[in-house]
Amino acid sequence: MDLSGAPIRVRPAYFSDLDALVRLGLGIQRLHADGRPDLFVEPSSEALQDFFRARFSDGSHMLIAESNSNSPIGYLLAEHATRDANPFKTASSVLYIHHIAVESSAQSGGVGRELMKGAVTLASELGVSTLRLDSWHFNTQAHGFFETEGFTPVNIVFEKLLM
């Protein structure tokens, strides 16, 4: 898909976008299932449909990226997460990005960047000053993108498999 010069529009996701969210979600779920088959289940349209239906009613924030054909080519799923202060940490209010997915044929065409700009706008509207996300170790292509977008690693999770 050649997006050179084509405007990319980011907007809130609507229930009518459910099929597109599932289609795009299948791609990111495939990446995860291939990268860590011991943790991630095989992609299922039905399961993703149920998952995204629930996101429309639980306060999640979903953004859709469209090309000039008004066809969804990417999405971002985020949650406004707050935490009270405790003896160890200060209070926090962040926009946590759970998913960002771009159709493979549209990758490196500015879609992810536009979705991130949409997340910044949403965070501003929510009065949030921090975006946060995590990425699996095997997803090195995404790591470069996140760093280009100004994200820096802040926490490393270690794992030891016992079986």
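Contact here means heavy atoms within 4.5 Å. With that in hand, here are some close-ups of a predicted model.

**View 1. Leu63 and the residues around it.**
Leu63 sits in strand β2, and with a relative accessible area of 10% it is buried. Setting aside residues up to four places away in sequence, Leu63 touches Val10, Arg11, Pro12 and Ala13 as well as Gly74, Tyr75 and Leu76, and also Leu115, Gly118 and Ala119.

**View 2. Helix α1 from end to end.**
How far does α1 reach from its first C-alpha to its last? With 18 residues, α1 covers 25 Å, close to the 26 Å expected at 1.5 Å a residue. Its buried residues are Leu18, Ala20, Leu21, Val22, Leu24, Gly25, Ile28, Gln29, His32 and Ala33.

**View 3. Where α1 meets α2.**
Two packed helices are described by the angle between their axes and the distance between the axes. For helix α1 (residues 18-35) and helix α2 (residues 45-55), the angle is about 120 degrees and the axes are 9 Å apart. Angles of 65 to 115 degrees would count as roughly perpendicular and those over 145 as roughly antiparallel, so α1 and α2 are oblique to each other. The crossing of α1 past α2 is right-handed. On the α1 side, the contact is made by Leu18, Asp19, Leu21, Val22, Gly25 and Leu26, and α2 supplies Ser45, Leu48, Gln49, Phe52 and Arg53. Sorted by class, the residues of this contact of α1 with α2 come out as 6 nonpolar, 3 polar and 2 charged.

**View 4. Gln29, a buried glutamine in α1.**
Zoom in on Gln29, which belongs to helix α1. Is Gln29 buried or exposed? Gln29 has a relative accessible area of 17%, and since buried means under 20%, Gln29 counts as buried. Leaving aside its neighbours within four places in sequence, Gln29 is in contact with Phe40, Val41 and Pro43. Gln29 and Ala101 are 72 residues apart along the chain, and their C-alpha atoms are separated by 9.7 Å.

**View 5. Ala101 in strand β4.**
Ala101 lies in strand β4 and, at 7% relative accessibility, counts as buried. Which residues does Ala101 contact once its neighbours within four places in sequence are left aside? They are Leu24 and Ile28, then Ile73, Gly74 and Tyr75, plus Leu115. Leu24 and Ile28 are among the buried residues of α1. Gly74, Tyr75 and Leu115 also turn up among the residues that Leu63 touches. For Ala101 and Leu161, 60 residues apart along the chain, the C-alpha atoms are separated by 28 Å.

**View 6. Ser108, a serine with a positive phi.**
Most residues other than glycine have a negative phi. Ser108 has a positive phi of about 70 degrees although it is not a glycine. Where is Ser108 found? Its place is the loop between β4 (92-102) and α3 (111-126). Ser108 has 79% relative accessibility and so counts as exposed.

**View 7. α3 against α4.**
The axes of α3 and helix α4 (residues 140-148) are 11 Å apart, and the two helices pack at an angle of about 50 degrees. Roughly parallel would call for an angle under 35 degrees, and α3 and α4 are therefore oblique to each other. α3 passes α4 in a right-handed crossing. Gly112, Arg113 and Met116 of α3 make the contact with Phe145, Phe146 and Thr148 of α4. By class, the contact of α3 with α4 has 3 nonpolar, 2 polar and 1 charged residues.

**View 8. Val128, in a loop but buried.**
Val128 is found in the loop between α3 and β5 (131-133), and at 9% relative accessibility it counts as buried. Beyond its neighbours within four places in sequence, Val128 is in contact with His80, with Ser93, Val94 and Leu95, and with Ala123. Val128 and Arg30 are 98 residues apart along the chain, and their C-alpha atoms are separated by 31 Å.

Conventions. Residues are numbered from 1 along each chain as its sequence is written. This is a predicted model: local features need pLDDT of at least 70, side-chain atom pairs count only at pLDDT 80 or more; totals for chains, interfaces and linings use all residues. Side-chain values use heavy atoms; hydrogens and water are left out. Axes are lines fitted to C-alpha atoms, for helices over the stretch in contact, and angles run from 0 to 180 degrees between N-to-C directions. Helices (H or I, at least four residues) and strands (E, at least two) are DSSP runs, numbered from the N terminus. A crossing is left-handed if the near helix is turned anticlockwise from the far one by less than a right angle, and right-handed if clockwise. Ala, Val, Leu, Ile, Met, Phe, Trp, Tyr, Cys and Pro count as nonpolar, Asp, Glu, Lys and Arg as charged, and the others, Gly among them, as polar. Buried means under 20% relative accessible area, exposed over 50%, partly exposed in between (1.4 Å probe, protein chains only). The expected span of a helix is 1.5 Å times one less than its number of residues.
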